[in-house]
Amino acid sequence: MFFFENLYISVFGFYFMVKNVLITGGLGFIGFHTSRNFLEMGYNVIVVDNINNYYDIKLKEDKIPLLKKYNNFIFKKIDICNYKKFLKFCSKFKIDLIIHLAAQAGVRYSIDNPFIYEKNNVMGTLNILEIARNLKIKDIIFASSSSVYGGNEKIPFLESHRVDNPVSLYAATKKSCELIAYTYNKLYDINITGLRFFTVYGPWGRPDMAIYKFFKSAYLDQKIDVYNKGDMLRDFTYIDDIVDGIYLASKKMNGYRIYNLGNNKPEKLMDLINYISEITSKKIKKKYLPMQKGDVYKTYANIDLAKKELGYNPKTSLKEGLKKFNDWYINYYKL
Ligand SMILES: NC(=O)c1ccc[n+]([C@@H]2O[C@H](COP(=O)([O-])OP(=O)(O)OC[C@H]3O[C@@H](n4cnc5c(N)ncnc54)[C@H](O)[C@@H]3O)[C@@H](O)[C@H]2O)c1
């Protein structure tokens with residue numbers, strides 16, 4: 001079976017090795033798009049996901065048949081926190097690259113559920129690093145987050161800024177993952193790239209995130225919660241641009257690296273709501289609320305480093321991306 005050994009393919013007489021990529025959280029939002037991209041590129045993709053019920057599991061299970069269309073795809077329902085079982089599973093393959101996206105996501109949920117975050121994010125990431133060490137896997141990409149910038153006031157956020165003032169437990173776990181990953185790079189010479197994603201959205205997006213919630217409420221004619229009375233800014237990044245960034249990062253593995261993957265264009269929350277109102281042709285009813293614990297006022301990515309070193313170049317404007325989300329939403333929910 002080619003999944004156990006790398007396969008060589010010939011293109012115009014040149015031989016290329018087909019790489020085996022392990023993607024954790026591959027049935028999640030970013031994981032699914034990333035898996036599909038690597039499958040399209042001809043990689044052998046092994047997806048693991050525990051299909052947790054943080055949000056509707058139908059959104060995760062519905063992706064399985066879409067990925068099963070590719071014969072270079074393997075899926076295993078497994079919890080990365082179960083180290084022994086996970087190591088045994090991974091030992092069956094010769095893995096070249098791990099793209100570690102499994103995590104307990106969500107800033108607000110972390111305020112009331114700290115243990116879930118510590119387990120899935122910190123222990124989960126440590127398990128990935130230990131597996132890489134034991135199985136001699138040389139390259140790891142992992143998901144960090146813009147939330148590590150916490151209450152930083154200096155904008156745009158730069159990778160070299162200090163990030164030791166997280167304002168949510170979610171952010172603290174992501175920063176912890178960066179620190180632990182750094183240590184593994186130094187101790188075991190594993191190439192590790194951490195990507196700080198900035199508010200990713202698009203088809204198959206997460207139902208707990210604002211864009212999904214706003215579309216849903218617009219179509220159901222329900223009120224949306226608008227925090228900090230609408231005075232907030234977010235650097236929204238379309239999923240295809242993030243997927244490109246992950247792919248580009250996989251081509252430039254080099255020691256320990258951290259990159260911002262954002263859009264470099266903060267948008268006002270009220271503008272976002274107006275765009276959604278235009279696209280859905282619905283008048284959106286709003287309930288204005290104070291700032292929530294754990295939230296930050298503004299996110300704004302400086303992406304010069306990712307541009308320079310990876311060739312990252314986000315192309316999708318917010319309006320364009322929202323239209324694509326809307327098309328998917330209407331089609332998926334048969335509106
Ligand atoms: N979406 C964003 O805007 C955003 C921003 C910054 C960082 N991130 C990070 O990117 C990654 C992907 O985020 P997403 O938005 O796709 O989230 P998601 O919740 O849709 O995907 C995560 C997937 O991981 C799986 N998972 C969680 N714990 C697991 C475990 N212990 N074992 C196996 N599988 C497990 C879940 O079932 C889910 O399918 C996460 O690490 C997240 O923290 C996302």
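**Figure 1. The shell around the ligand, sorted by class.** In this predicted model, the shell around the ligand holds 15 nonpolar, ten polar and four charged residues. Here Ala, Val, Leu, Ile, Met, Phe, Trp, Tyr, Cys and Pro count as nonpolar, Asp, Glu, Lys and Arg as charged, and the others, Gly among them, as polar. The ligand is surrounded by 29 residues, and G25, G28, F29, A103 and A143 are the closest; a residue is near the ligand if its C-beta atom, placed from the backbone, lies within 6 Å of it. Have a look at α1 (29-40), β4 (44-49), α6 and β7, each of which supplies at least two residues. The most come from α1, with three residues. Helices (H or I, at least four residues) and strands (E, at least two) are DSSP runs, numbered from the N terminus. Residues are numbered from 1 along each chain as its sequence is written. Local features need pLDDT of at least 70 and side-chain atom pairs count only at pLDDT 80 or more, while totals for chains, interfaces and linings use all residues.

Figure 2. Seven strands line up in the order β5-β4-β3-β6-β7-β8-β13, with parallel pairing; two strands pair if DSSP finds at least two bridges between them. β5 (73-77) and β13 (256-261) each have a single partner strand, so one side of each is left without a neighbour in the sheet. From one strand to the next, the twist averages 20 degrees. At the β13 edge, six parallel bridges link this strand to β8 (residues 191-197), and F197 has L261 as its bridge partner.

**Figure 3. Two helices against the sheet.** Helix α6 (residues 114-135) packs on the sheet and touches β3 (20-24), β6 (97-100) and β7 (139-145), its direction making about 180 degrees with that of β6. Contact means that C-beta atoms, placed from the backbone, lie within 7 Å. Helix α7 (residues 169-188) lies across β7, β8 and β13, at about 155 degrees to β7. Axes are lines fitted to C-alpha atoms, for helices over the stretch in contact, and angles run from 0 to 180 degrees between N-to-C directions.

Figure 4. Most residues other than glycine have a negative phi, and most peptide bonds are trans. In the loop between β7 and α7 sits P156, joined to I155 by a cis peptide bond with omega of about -10 degrees. W204, between β9 (200-201) and α8 (210-220), has a positive phi of about 65 degrees. D221, between α8 and β10 (224-226), has a positive phi of about 60 degrees. W204 is buried, with 23 other C-beta atoms within 10 Å, whereas D221 is exposed, with 10; buried means 20 or more such neighbours within 10 Å, exposed 12 or fewer, and partly exposed in between, with C-beta atoms placed from the backbone.
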